[in-house]
Every structure is written in C-alpha cells, then in structure tokens.
Amino acid sequence: MPPPRAGGPPATPDTAAPDGRLAATVERLRGEVRAAHAAAEGRALIELAKGVIVERLGCGPAQAARQLAELADRAGLSRLELAADIINQAARDRLAEATDTFVRTAVGEPPGAGTPTAASVAVRLRTAESAALGAGDTQAVAESLLRHALEPLGAVAVAIWTTGPDTSLSLRGHAGFGPDEAARWHYVPPGVTTAARQALIGRRTIRYASLAASGIPSLGRGRHPDGGRVVVPAGTGGRIHGVLEICWARPLDPLPQAVERQIEALAELCAHTLETLPEASPGGFAAPGGLPGTGGEGAAALAELSDGLYDPALVLTPHLDEAGRLVDFRIRHANAHFQDPAGRPRSSVDGALLLEAYPATAGGSELFERIERVYATGEPFRARRVRLTALVDQVPLASLADLSISRYGASVLFIWRVEDESARLASLLQHAQRLGRVGAFEEDLVSGEITWHGQLYELFGRASTEPPVALRDLAGHAHPDDADTIRRFLQKVLDQRRVGSAAFRMLRHDGVTRHIRVTAEPAPGGDGGLQSVRGAYQDISAQHWTEVALTATRDRLAATEEAAEERNRLTLQLQHAIMPPAMPPLDAPGLDVAVRYRPAESDSLVGGDWYDAVVLPSKKVLLCVGDVAGHGVEAATGMVVLRNALRGLAVTGAGPGQLLSWLNSVAHHLTAHVTATAVCGVYDPENRTLRWARAGHLPPVLVRGEEALDLPLLRGVLLGALAETDYEETELRLEPGDTVLMYTDGLVERRDTAVHDSVAHLLAVARQPSDGLEHRLDQLLARSKSDTDDDTCVVGVQVS
C-alpha cells in the first residue's frame, strides 16, 4: 500500500483500494451529470423566459438577457426563480395555477415552517416541465418528475402507466423502484384490480394512507409496505392516456390543497408527454401487441368500417372547448343503416354535435355518460336488451336494443341493434304453445280449408301429411260417452254463433286416450254470414289426472283426519278419567293437598303428564308427579301403567328411592319403549318429614315464609333408560306453614329461555303472598310463561 501524501489525511482501506477508488469516481461522475442536467434545465427555463421578454418588449436577445438580470436583482430573486415566474404569468396553465394555489395557502405562515417559497415551487414545477418536454422517452420523464417535483414533497418513487384499448396497463416509466420489480409489473392485463386500474375506471384521484392496509396490489408494495400512495388519472380533453402513481415510504396524511393541485398539474403534464412520446417504453417494456387504434386508425378508417356493418352505427370524435375540456362529441359519420328519428337526411347529421342533434342522450337514458366513459377509459361498453329511446325515437317504447360502444384511437364507434318485436313475440308464442300443449286452428266454412298449428298434429296423433280434422267430424274422434258434449259445443259455435268451449276424451289411432279442451270463436264474413271459425285445442290430460289424484288424496286425508280425531277424543277421555284437572280433598291430618292439571291446548298433543296423591295404609301420604316422553295413545297408556304400578309398589312401605328403582324396572322391562321422568315423595304426618327422590325430573320447590327455593338436584336418571339403577333420596323436615310444590316441565319450559331462568321466574311467583294453597296454585298457572303447548301438572302440599 503506498504511503499517504504529506499534509493530507491518511488513505483508508476503502478509498485506497482499487474498488473504492472506482466507486468514488463513478459517484463523482454521477454528480457531475446531475449538475449538468440541472444546469441545462435551468438554462432552458431562462432561455424560455428571455423569449417571452423578446416577444413582450420587442427587443433583441442580448437586451432581454440584461433586462432579466436587472429585474432579478431588483426583486431579490435568482434569474431562475424570476424566469419561472415570468413563464407562469405568460402561460396561465395548470402549473401556474398550482403555484398560485401554493401562494394563497402559504400566506401568513411563519418563516422557518419548513414550507418552500412560491418561487421554489414555480422553479421546480417549470424545471420538471422543461425536463419532460426535452426528454426522449417516458423513463426520463418519470426520473425528472421524481427529482424536481416529487422528492421535495417527500415522495420516494413514481410510476407512469399507459392504458391500452382493452383497459390493460403498461409501465412506461418509473423511478425509485427496483428494475426486477418493474420488470414483473411491466404489463397488467384487463380485469386485474390494482391501484392504477381503480383510478382509471373511477376517473378520479385515489389516495391510500397505507397501500398495504387497503389490500390493493401495486408496484412497490413489498418495498414500502406501510407507505402511502396517490394515484391520478393522466388525461387531456376528456381522454385518459395513462395513470401517474406516486409512492411515499411512510403512511400518508391528508395532503394540503396546494400539494393536490401540484400533483394534478404533474398528471396533466404526463398526459401531454404520453400523447407525443413514442409507444415503446425503455427497458423493452411494452404491452403485448402494442396499443392498436392510436396510430393509423382514424375517423375515416372507422367510418369505412362502419359502412360494412348491417346495424346502425355512428362514428364520434371529441369536441373540446377553448380550455381543452370535453363538452360534446361530433358525429363524423353515420352509416347507411342509420335512420334519423326526425326524418332528416343522413348527410345533415354528419358533422353535427351529438347533444345538439339528439338532446335526449344527456337525459335519463345516460347514453352520453356511457359514451364519455368509454372515450375516457377505453373500456368498451356492451349491453343487451336496453331501452333505447334517446336516439331512435321511431322505435316503440317497448322495443329493446343491444348496444356496443368502443374506442378506436381518438374516435368512438357506437353500434346498436333493435330487437324485432314481432319476431320475438312470435317466438314467445311458439314456446308458450309448446309448454302449454296448445295448438291453434282456423277453419274456413265456405271453402272447407282447414289450417292447423303444428302442435295439433301431435295432440291428435296424426302425421303431418294427413288431413286435419274438421269440427263437424270431431265426434268421430271422441269417446262415445262425450258425443252429447260435442254436439252442444258445435251447436253453440256454429248455430248460435257464440264462443264455446268443451272438454272431451279423444281416442287416437294409436290407442292412447287424451283429455282435450277445445275453444272456438265464430268469425262472420262480409255479408254477415258465418265465414270461419278460429280456436285452439289444449291437452289437459295432466291436469285431469292431477285432479283425480287430488280428489283421492282428499278422500284419504279426510278419512285419516276423522280417525285421528276419534283416536284423540278417546285418548283425552281416558286421560281425563284418570287425571282430572282437580281432585277431592285428601284425608291426611295436618296436611292440605291441592292439585292442578292443565291439558295441552292442542287436542292432537295428548301428553303423558301424571300426578298422584294418596294416603297409604301406613297413614303416610304418597306424593308424585311424572312425565312420560311423547304424545298420543302410547304416552297416555304408558302414564297409566307407571301411575298404577307406583301405587301398588308404595303399599310395601318402601322409601321413595326404592320405589323409583322398582318403577324403573317396570318401565324398562314391562312396557314398550317407555321412558319418563318423575319426582316421588312420602310424607310422614307424625314427625312432619318428607322423604323424596327424583328420576331425571326438576326438583320440588319449598316455600317457607316469604322465601322460595328449589330443593337439591339429587342423583337419578330418567325411568326406563337403564335396566337397573339406584336413586338417591333425602329427607326434609317441614315446619307449620311450609308449602312444597311438585310440577312438570310444562309449567316452566320456554323455547327461547334457559331452564335456569324459567325456574327463577317460577320462584319469584311462588314467593308472592297468597290467600291459601288453592290460590297459590292458580297463581302459578296464570303467570306461567311456558310456550311449548305441553301438559302441566302441579301438586302442592301445605303443613298446617
């Protein structure tokens, strides 16, 4: 390594190494190139301002240069800043408007706020314009926009997209993005949703505070995942030539109005450059097949193409006002199939403005808006069966048309095809006759000529080569029992000359019998006599056999309903005989017993709820309620078996747990698939104790004073589920005034409420004061919120 030069800093390994020296040289040359570009762009602005001074003052170039220098010294500005201001005053274009907006916004802001001066805004916008106009391709335009106008706004990357006639997007220029990523995004086919396509189709500026948060894919999303985007359509004269997409590295806050105006001005500058620069983009990026329709195809070629069409067509070109805004379309050509609604010759329509010739296109039809959108975006519009009255007023309101609007270069081709209403109705009539198995006929009674619709030959089972059947010969093709019906029908139509209809059985040659309805209408001739008869035959065999089947079904249903009603009536009689709604007083000293039984509201839902309160030989009292699963006769008979079995088992003096265990064996072995829940209690009057057990049933409720609570949930499965099982029992000592309530789930069960909440409501009602046991049970039934339409049993005992 050579020693460092005397007096200078020691050479670091990076700068001393060959690679380091080469990198430093490249960076120095890049800086010189950028400086040269900036100087050249500045000189271009100064030369343009000198030209304005020459034109305004009528002086020479040298005097204009001296005048520019003197004015800059007086104003305290640089020659470049003054040149930009002179150009703004002379041009009064979108760039000048953007500068004015910035000036109005910046007035009153304190110095040092970090806001550039109005002169610097004008300089960078005009410098970007000068660089874009002098660029040889769109890539250079993108680099100039980023360097001069967008980096001062905090942007880190920019992309310029151009649009194809099929709304595809091609990347024409970019800066700040990697070459590999740009290569992957060089072409976006139609139908792919991207940020640029949303701005194109929506024809408006779209802002994303964070592109990743929006979920919309686009160029550079992976490189700046949280960065904001502004996407602006770049268009002039109502036509969008491309899209300007600007990327920030961080989330984007709402932009000031001055910045928005600057971005809009840059988008318009891009649109002008896209119009003038060649189609091929740098780096070999180009849309497949190029962009047809933007070069050789013009209005004349499109007019020649429209003349070869068999449908009416118009060739339209944009009509701009003095400010370059699209205000109308000029009819460049109307093809030979076009007919003017007002009867004007086709030559008078050629060259006219669309809104002046047909003002209704801007009304409710939205036709003008559709044409304007197609011209702006290039996205073709296709629609079938649209009511088109704005342009073709000679078409009836009920008529429909198929529309096609497409853009070719700077022209729009508008084609429509009016649907033939008569042909459509004839087709619909044919389909209706085929589906309804209807065939029309007409018979000339004077000449004897008969015209049949093709469907009639199939109904009659005749070949199309066979002659049609006349009305007077109809009886020969019908069942003999229907001869009188046909005779009355012919008499009404032919003799009385009135519309007639008849249904008969037709016997075909192939042995098939069809049920036919014939309807005929007489038509008088010019002399007032009967000239012809028109009418139709309809095959109603399917309807006839359907009616026969429905009649048989109704008969069977009526018999079934009668049997069901009788069955339910007998079941209710059986249930009410065993389970009366109330029971007589029970002879149990020191104990009041009351019972309430409320059957289901629907007679078809006879249930298996049951209760029992009986004094045993031991003077103890058996108290129980139960609920057999299911409804109908099976549930009622199962209830009788279990109730009587429990009575017989209780005579043994066993406790409630043992009784339920035996009753479970009865339900499992001695009945046919009967399952049930039950609560069983044995009350001993001597010591006022109640021993009880449960089998899958809700526990009883104890009311003591002003409190009401449900008893513990003892262990015990429902009856009949297992062959053998044990049931837990417990003892409750009652005090004078205590009330115990046993009930079935029909008292509390609701479809939309949990059982816990329903029991809580029951406890709230039970703790309310009452005038006695009977009144308490009536309160429980009256305030029950059950909605399951099930039987309800309540047994109440009160210690006196």
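Helix H22 (residues 755-766) and helix H23 (residues 773-782) pack against each other at an angle of about 145 degrees, their axes lying 10 Å apart. Axes here are lines fitted to C-alpha atoms, for helices over the stretch in contact, and angles run from 0 to 180 degrees between N-to-C directions. Helices (H or I, at least four residues) and strands (E, at least two) are DSSP runs numbered from the N terminus. The crossing of H22 past H23 is right-handed; this term applies if the near helix is turned clockwise from the far one by less than a right angle, and left-handed applies if anticlockwise. Leu-762, Val-765 and Ala-766 of H22 make the contact together with Arg-776, Gln-779 and Leu-780 of H23, a contact being defined by heavy atoms within 4.5 Å. By class, four nonpolar residues, one polar residue and one charged residue take part. In this classification Ala, Val, Leu, Ile, Met, Phe, Trp, Tyr, Cys and Pro count as nonpolar, Asp, Glu, Lys and Arg as charged, and the others, Gly among them, as polar.

The model is predicted, so that local features need pLDDT of at least 70 and side-chain atom pairs count only at pLDDT 80 or more, whereas totals for chains, interfaces and linings use all residues. Residues are numbered from 1 along each chain as its sequence is written, and side-chain values use heavy atoms, with hydrogens and water left out.

In the protein as a whole there are 23 helices and 26 strands. Of its 800 residues, 43% are buried, where buried means under 20% relative accessible area, exposed over 50%, and partly exposed in between (1.4 Å probe, protein chains only). The accessible surface comes to about 40000 Å², and carbon and sulfur atoms contribute 54% of this area; accessible areas come from the Shrake-Rupley method with a 1.4 Å probe, and for residues only the protein chains shown count as cover. Among contacts with a separation of 6 or more, 58% are between residues 24 or more positions apart.

Salt bridges number 19 in the structure, each being a side-chain nitrogen of Lys or Arg within 4 Å of a carboxyl oxygen of Asp or Glu. One of them joins the side chains of Glu-245 and Arg-229 at 2.6 Å, N to O. This pair links distant parts of the chain, with Glu-245 in strand E6 (residues 239-248) and Arg-229 in strand E5 (residues 229-236), 16 residues apart. Both Glu-245 and Arg-229 are buried.

Arg-384 belongs to strand E9 (residues 381-386) and Asp-402 to strand E10 (residues 401-408), and the two are 18 residues apart. Arg-384 counts as exposed at 66% relative accessibility, while Asp-402 is partly exposed with a relative accessible area of 21%.

Asp-612 forms a salt bridge with Arg-643, in which the closest N and O atoms are 3.6 Å apart. Because Asp-612 lies in strand E18 (residues 608-615) and Arg-643 in helix H20 (residues 633-650), the pair ties together parts that are 31 residues apart in sequence. Asp-612 is buried at 2% relative accessibility, and Arg-643 is buried with a relative accessible area of 10%.

Positive phi values occur at two arginines described here. Phi of Arg-203 is near 55 degrees, a positive value in a residue other than glycine. Arg-203 is found in the loop between helix H9 (195-202) and strand E4 (206-208), just after H9, and is partly exposed, with a relative accessible area of 35%. The buried residues of H9 itself are Ala-195, Ala-196, Arg-197, Ala-199 and Leu-200. Arg-688, likewise not a glycine, has a positive phi of about 55 degrees and lies in the loop between strand E20 (676-684) and strand E21 (689-695). Arg-688 is partly exposed, its relative accessible area being 35%.

Gly-535 is placed in strand E16 (residues 530-539) and counts as buried at 19% relative accessibility. The C-alpha atoms of Gly-535 and Thr-519 are separated by 5.4 Å, although the residues are 16 positions apart along the chain. Not counting residues up to four places away in sequence, Gly-535 touches Gly-439, Ala-440, Phe-441, Thr-519 and Ala-520.
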